Amino acid sequence: MDVRERCPVDDVALSQLHAAAFDETPRLVAWGERLERHSLSWLGAFDGGRLVGFVNLAWDGDRHAFLLDTVVAPAHRGRGIGRELVTRAVRVASEAGCTWLHADFAADLSPFYLDRCGLTPTAAGLVRLHR
């Protein structure tokens with residue numbers, strides 16, 4: 001497994017990985033442009049040159065970083081890829097001088113984020129803007 005920070009982004013490959021990981025209908029997203037504009041960094045996990053995992057480390061430009069789009073291809077889950085991506089993202093945020101790293105996630109992902117990745121549960125609020 002090869003993990004690369006700020007790897008070149010293939011919009012098609014990342015769109016397909018994202019759709020497979022979230023069990024959604026694939027739609028092409030301009031990931032490269034989005035990441036360059038809004039992210040402190042991002043990391044891709046590659047198996048034989050094929051993208052099999054990804055995490056986006058967005059930020060506010062100062063002290064707050066945000067884990068977004070943490071995905072691992074279904075066939076590659078259970079191998080520690082997601083944990084490695086999150087661990088490296090935590091390190092990148094810390095080295096950039098961020099004080100806080102935020103992550104929101106569905107309840108069924110609590111064992112991953114809280115137990116395997118060491119995040120601390122916290123209260124937060126959410127408003128759904130579109131369906």
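Analyst: This is a predicted model. The lining of the second largest pocket consists of Ser 15, His 18, Ala 19, Glu 24, Thr 25, Pro 26, Arg 27, Val 29, Trp 31, Arg 34 and Asp 69.

User: Which elements give two or more residues to that lining?

Analyst: Those elements are α1 and α2, the latter covering 31-38. The largest share is that of α1, with three residues.

User: And how do the residues of that lining divide into nonpolar, polar and charged?

Analyst: Four are nonpolar, three are polar and four are charged.

User: How much space lies in the second largest pocket?

Analyst: The second largest pocket holds about 210 Å³ of space.

User: Let us change topic. What volume does the largest pocket have?

Analyst: Its volume is about 1500 Å³. The largest pocket is lined by 44 residues, and those closest to its centre are Leu 67, Ala 103, Asp 104, Phe 105 and Tyr 113.

User: Which one provides the largest share?

Analyst: Strand β4 does, contributing seven residues to the lining of the largest pocket.

User: How many residues of that lining are nonpolar, and how many are polar or charged?

Analyst: In the largest pocket, 25 lining residues are nonpolar, twelve are polar and seven are charged.

Methods:
Residues numbered from 1 in each chain as written. Predicted model: local features only at pLDDT ≥ 70, side-chain atom pairs only at ≥ 80, totals over all residues. Heavy atoms only, no water. 1 Å grid on protein atoms, 1.4 Å probe; cavity = no way out; pocket = protein on both sides within 12 Å on 5 of 7 lines; lining within 4 Å. Points joined across faces, edges and corners; volume = space filled by probe spheres on them. Helix = DSSP H or I, 4+ residues; strand = E, 2+ residues; numbered from the N terminus. Nonpolar A, V, L, I, M, F, W, Y, C, P; charged D, E, K, R; others polar.
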